[in-house]
2 protein chains.
Amino acid sequence: MQPTKVYADRRSQPSRAVIIFCRVNQIEFEEVTVDLFKSQHLSPQFRKINPMGQVPAIVDGRFKLFERKVIHEQPRTETCNTFDLILAKNHAILRYLASVFPGVADHWYPADLFTRAKIESILDWHHSNLRRGAATLVMHTALAPFLGLRTSPEAVKQAEKLLMQSLGTIESVWLNGGAKFLLGSPQPSIADLSLVCEIMQLEILGDDVRDRFLGAHEKILIWMDNVKRATSPHFEEAHELLFQVKARMLSNNAAAANQASEPSTKHKIASKL
Amino acid sequence: MQPTKVYADRRSQPSRAVIIFCRVNQIEFEEVTVDLFKSQHLSPQFRKINPMGQVPAIVDGRFKLFERKVIHEQPRTETCNTFDLILAKNHAILRYLASVFPGVADHWYPADLFTRAKIESILDWHHSNLRRGAATLVMHTALAPFLGLRTSPEAVKQAEKLLMQSLGTIESVWLNGGAKFLLGSPQPSIADLSLVCEIMQLEILGDDVRDRFLGAHEKILIWMDNVKRATSPHFEEAHELLFQVKARMLSNNAAAANQASEPSTKHKIASKL
């Protein structure tokens, strides 16, 4: 059987979560880069993989094997068959990988229905709160100019509020009690990995903005470090590209600022040093 | 053991999905109304049940029973214990109920990992697409004036676009092939119920707006009818309050329109007839 294909762009936080999860759990996979900045996610080729044009997505041979056993009453169209082979959406992928690969430790997605239900509750919350706040903020402040999109000050304001509220909820509800991971657990789950990768995205807003949100949340900083240690060195490796993007953005911003204030090339170089 | 408590406001679409699911599957439960219009979800009493102040939420005696078996390394605080007893978020609740009540038919949340993974993919998509579009539109156009919130034309425009795109995705991806339910299934899953309850919320925008979105989506109309039939009469019963709210809103709008155009009381009454 072919190894699972993971279609990803490491600059996207859910892509990183899936890659880290595979590496930590020694799941054999082939990474296929879908460059979001080059709009490769909207290409007809990728639309054949994922009609919704989003990363991450996986194509897993198990799907194909299993398909033969599933009885469908209706005839399947070509599009339906194509979709059968892929799985999009970060949380759905993590749940699936944790369920079908026997080597994955139980704490990532516990079989116990009680604990699993609480993890599901956090994952559902993630979409409409932390992700909506953080991703909208990053999109409107850091990425929009590069992607040629219009920014909205109102959207930024709402996203900042939602992000701050979300960080507060994580601390007061799920990190309450001083445990190493969410829900008082001594081991990380897919919710820890997914949420921390989301928060890591704030890096590309620069240290000042990141600290404005995270500085007052000591429990979150400790928890993020716990997740990083539990998944090291794969966590750092998967985030390398993000830090490269951050360095490039900061350097561009500094150059733009210098250009505005310092007309001479000599001064510009000096200020970079 | 006490029956499961379901904290809900039937005017909220995820609340209705949970209530219909319980009724169809003959899950014994006690419904506790949390009136969103009276801000009861933000009351200190309800915050003790769900610190995030959202409906639906459930308190299930099984949680308490099971808790004794779970070994936690860290000492638990009062807040942690309280949260252990409740489960918020619609999808997480539906997954949990489908998993712990043996009488629930498999098609609602299939044990088969292949089918389940595809249902999870739709549920995840729901949060950031259909729900974000539909709920934002309803909030900004129908509910904001009643709740004293500021509306945003830009948010309405974006929500309308996202809603229309989402309806298109449902038809072209998950209803492709002409099956009765999503993913080519002959029986509904929790994804069918959850998404249809979301779309039903468009009713309170009035028939014209509803038809503007749904009129061109014949597959969706047929599918909604299939879900309604599969869960009848509980579907209709759970939606009664929504139609009452709709009637009141339309009547208020008509009265306001009459007041604006007809200064005499006599005329106003005549036009209402």
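Visitor: In what sense do strand E1 and strand E2 of chain A pair?
Guide: E1 (residues 4–8) and E2 (residues 29–33) pair in the parallel sense. This is a predicted model, where local features need pLDDT of at least 70, side-chain atom pairs count only at pLDDT 80 or more, and totals for chains, interfaces and linings use all residues. Residues are numbered from 1 along each chain as written, chains are lettered from A and ligands numbered from 1 in written order, and side-chain values use heavy atoms, without hydrogens and water.

Visitor: How do you know that E1(A) and E2(A) count as paired?
Guide: Pairing asks for at least two DSSP bridges between the strands, and these strands have five. A:Thr4, for instance, stands opposite A:Phe29 in E2(A).

Visitor: Why is H1(A) called roughly parallel to H5(A)?
Guide: The helices H1 (residues 13–24) and H5 (residues 90–100) of chain A pack at about 10 degrees, their axes 9 Å apart. Angles under 35 degrees count as roughly parallel, so H1(A) is roughly parallel to H5(A).

Visitor: Which residues of H1(A) make the contact?
Guide: With contact meaning heavy atoms within 4.5 Å, they are A:Pro14, A:Ala17, A:Val18, A:Phe21 and A:Cys22. On the H5(A) side, A:Ile93 and A:Leu97 are among the partners.

Visitor: What makes helix H5 of chain B largely enclosed?
Guide: Buried means under 20% relative accessible area (1.4 Å probe, protein chains only). In H5(B), 10 of the 11 residues are buried, so the helix is largely enclosed by the rest of the structure. Among them are B:His91, B:Arg95 and B:Tyr96.

How values were computed. Axes are lines fitted to C-alpha atoms, for helices over the stretch in contact, and angles run from 0 to 180 degrees between N-to-C directions. Helices (H or I, at least four residues) and strands (E, at least two) are DSSP runs, numbered from the N terminus. Angles under 35 degrees count as roughly parallel, over 145 as roughly antiparallel, 65 to 115 as roughly perpendicular and the rest as oblique. Buried means under 20% relative accessible area, exposed over 50%, partly exposed in between (1.4 Å probe, protein chains only).
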